[in-house]
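I opened my notebook and listed what to look up. Here are the entries, in the order I made them.

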Amino acid sequence: MNLIVEKDGSLIIPADMARNSGLLPGNRALVSISDGKILISKDSSSLPPSETSNINAVTGAAIKKKNLQTGVQYVKGIGPKLAGLLEKREIRTVEDVLYLLPLRYEDRRELTPIARLRPGQIAVFCGRVISADAVSTKGGRRVFEVILGDDSGTITCKWFHANAVWMKRTWKVGRSGVFSGEVHQFGYQREVHHPDAEWLPEGSDPKSILTADPANFGRIVPVYPLTEGLHQKAMRRIMKEVLDAFLDNVESFIPTEILPAGLPSLKLSLSQVHAPSNESDLSMLNDGRTPAHRAMVFDEFFYWELGLALKKRGIALEEGIAFQVNHRYTKELVKLLPFELTGAQRRVLSEIKFDMMAPHPMHRLVQGDVGSGKTLVALMAALVAVENGYQVAIMAPTEILAEQHWHTIHRWCLQMGIEVCLITAGLKGKNRKDLLERIADGRAQIVVGTHSVIQEKIEFARLGLGIIDEQHRFGVLQRGILKKKGFNPDILVMTATPIPRTLAMTLFGDLSLSVIDEMPPGRIPVETKLFFESRRGQVYDMILDEARQGRQSFIIYPLVEETEKSDLKAASQMAEHLESEVFPSLRIGLLHGRMSPDQKELVMSSFKNRELDVLVSTTVIEVGIDIPNATLMVIEHAERFGLSQLHQLRGRVGRGSSRSRCIMLTPGKLSEDGEKRLRVMESTTDGFRIAEADLEIRGPGDFLGTRQSGMPDFRVADILRDGSILEQARQAAFGLIEKDPEFSAARHLPMREELMRRWGNRLELAMIG
């Protein structure tokens, strides 16, 4: 049966429904949707006022969303071919079209005489084809070159990969058109590469194009990201069609008092972003900083933070484990330590203990720089759980780091009679079966491993605390699975890569935050230098010098084996070369990711026991390896590493009382970003400053490693550009949930529905569905 629902939330009653409802066919009635059922009322007078507004709000929201979810193939002027091209950009619905924002804007309000075209300007000009042919450059490269002219002068246009036959047919001598593109200067010659062309009918006045084709000329024109076969003109036509037909159905549902002052509605914002007025500020449009852009950013951030606020509240309402802190093991550990805890470690431990004593689950993120002592803080938290008769699961991102954690924790726990076990993918047969039994019956009190800890087959007797190390290598999903291994266990997340504030708010907004911002006393900052290939001999002398003084060095390479496509030095080949030709008197070891856990352990033990002078390694040593006697870190092809990765590698030295150095070796051909990264490393050892710089240079996706980062796919917002709006959206969202956590106010109902539609699955928000 088809229902006709009007925009005002009323319904035209079909005859077959009227028979069962006591309504007359053709009459109007109010309709609402509740728990998947359609509720119908003859008129609003029989309902309380609040119920009426709820009905109108909910049905209005449902109708609007339905319209915006219309497939693009049903939009006027978009046939199967165009729909297929849009699909390549993952544009499937009307809403997807509306959120395809322009890459940039071009000023086509006026035509510029050719003589007045200036280098660096993106200009619109009119001209006639004076000549057109394929030519050869000095380097023997073939390009297609066109000379365009008007009454004021001429300019050269070039195409570097064009089909000359087709181009000659199109760019006929004597043909006139309106062209746009960026003007470049090479010597005395001005050029435009690959200009857009709009051809004029013969004999027409070029200036008439400004009014004859208002979609593409005579205004500030949006330039969209496209796919092959789709052209700007077609995209602008599609956008105009969609705006005309569907813009009235757009609604944000965010109450006006929540929106920051001066920002337009979502509907008006979309209109202004796709069809800016001629009075708009072009530079603000191109920077994405107009009030319209900022309103769309706020809308996107607000719903994401609303979801995080609900998650955080949901955790606060869940029943958890209220641990008692009796210091049975924690005090014993403090006595065993050969050093005192720093003030920052003590402060963070207080925050963790306070959370663990609460009757709801802890969800806390502990940030700390390299070497700030997070492992010890995590062990203290684990001991609180063990004191209460619960088990602890510790997840690390790599096997080598899991092994490192196990060694550190096992060493202390052994002296207190606590059983710590290590579970890795390499553990097979009877050993694995025995270990699984020990975990299942509770004899294994602390379990350390990689993602293998959350496999289905592993059952805990009484899991009370999950500790996840290096969070951004684990998606939100793994956090959820670990949580299900016990009855709402406490979750402690640690990261050694400091996370800039904007990222922490976006990714971990549902977690409480602790920062260990103090280094253990006696740590000497590592001296960092950038050396070019010409100084390799000096670097080798440093390595020899350290070895003569009984100290050890790391040499890091980006690849394990040389490939045909790459000129990078591979660790395994260079280890052989160094051993046989450069340092025949030194003991050289090799460590890389393809070795078995046992092989890695053997090499690491040898290095730790000073049986090796130099360890040649790939980035498997990036996190957590602790060798106080290692004082020199040499990073080959340093330009190939991210800033945070370089900072982690540097953190492997400087762990003892001797002066330590980090030398970044590079061949000398550096990109602008590459040099920027390495200069930041030279200038500071502060992990938080480095993380901010890394995020700025690489952007969020690269910074986190997109696949597992848990980073939301924002369509408009950019956390680097829009950090201040993120702060506003977060405050507004958390404030609203504090006042109305159940969305019980009538005007908040559509917001709940919109939140579930946008982020419900991603944030696992089933509890508010």
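Which residue lies over the face of W412? I looked, and R411 does, at 5.0 Å from the ring centre. My rule for a charge over a ring was NZ of Lys or CZ of Arg within 6 Å of the ring centre and within 35 degrees of the ring normal. I noted R108 as well, which lies over the face of F217 at 5.0 Å from the ring centre.

**Ground rules**

I am working with a predicted model, where local features need pLDDT of at least 70, side-chain atom pairs count only at pLDDT 80 or more, and totals for chains, interfaces and linings use all residues. Residues are numbered from 1 along each chain as its sequence is written, and side-chain values use heavy atoms, with hydrogens and water left out.

**Entry: the seven-stranded sheet**

I took helices (H or I, at least four residues) and strands (E, at least two) as DSSP runs, numbered from the N terminus. I called two strands paired if DSSP finds at least two bridges between them. I then traced an open sheet of seven strands with parallel pairing, in the order β15-β16-β14-β17-β18-β13-β19. Its edge strands are β15 (420-423) and β19 (512-516), and each pairs on one side only. The twist averages 20° from one strand to the next. For such angles, axes are lines fitted to C-alpha atoms, for helices over the stretch in contact, and the angles run from 0 to 180 degrees between N-to-C directions.

I checked one end of this sheet. Strand β13 (residues 363-368) runs parallel to β19, and five bridges join them. There G368 stands opposite I516 in β19.

What lies across β14, β15, β16 and β17? I found helix α14 (residues 399-414), running at about 170° to β15.

**Entry: the six-stranded sheet**

I traced another open sheet, this one of six strands with parallel pairing: β20-β25-β24-β21-β23-β22. Here β20 (527-532) and β22 (588-591) are the edge strands, each pairing on one side only. Neighbouring strands are turned by 20° against each other on average, direction ignored. Helix α22 (residues 672-683) packs on this sheet and touches β20 and β25 (661-666). Its direction makes about 145° with that of β20.

Inside the sheet I followed β21 (residues 552-556) and β23 (residues 614-617), which pair in the parallel sense over four bridges. The bridge partner of F554 is L615 in β23.

**Entry: a hairpin**

How many residues lie between β9 and β10 in their hairpin? I counted two, and G187 in the turn has a positive phi of about 65°. Strand β9 (residues 176-186) pairs with β10 in the antiparallel sense over four bridges. F186 stands opposite Q189 in β10. Strand β10 (residues 189-193) also pairs with β8 (residues 154-159), in the parallel sense over three bridges. In that pairing K158 stands opposite H193.

**Entry: buried residues**

I used these cut-offs: buried is under 20% relative accessible area, exposed is over 50%, and partly exposed is in between (1.4 Å probe, protein chains only). Is E546 buried or exposed? E546 counts as buried because its relative accessibility is 5%. E546 is found in helix α18 (residues 536-548). Contact means heavy atoms within 4.5 Å. Leaving aside neighbours within four places in sequence, E546 is in contact with R551, S553, T631, L632 and R661.

I looked at helix α21 (residues 643-650) too, and seven of its eight residues are buried. Among them are L643, H647 and R650.

**Entry: cysteines**

I searched for cysteine sulfur atoms within 2.5 Å, the cut-off for a disulfide. The count came to zero disulfides. C421 counts as buried at 6% relative accessibility, and C662 is buried at 0%.

**Entry: aromatic rings**

Rings of Phe, Tyr and Trp (its six-membered ring) pair if their centres lie within 6.5 Å; planes under 30 degrees apart are stacked, over 60 edge-to-face, the rest tilted. I got 15 aromatic pairs by this rule. W304 and W759 form an edge-to-face pair, 4.7 Å centre to centre with 75° between the planes. This pair links distant parts of the chain: W304 is in helix α10 (residues 291-317) and W759 in helix α25 (residues 749-759), 455 residues apart. Both W304 and W759 are buried. Last, I noted one aromatic cluster, formed by F125, F144, W159, W171, F179 and W199.
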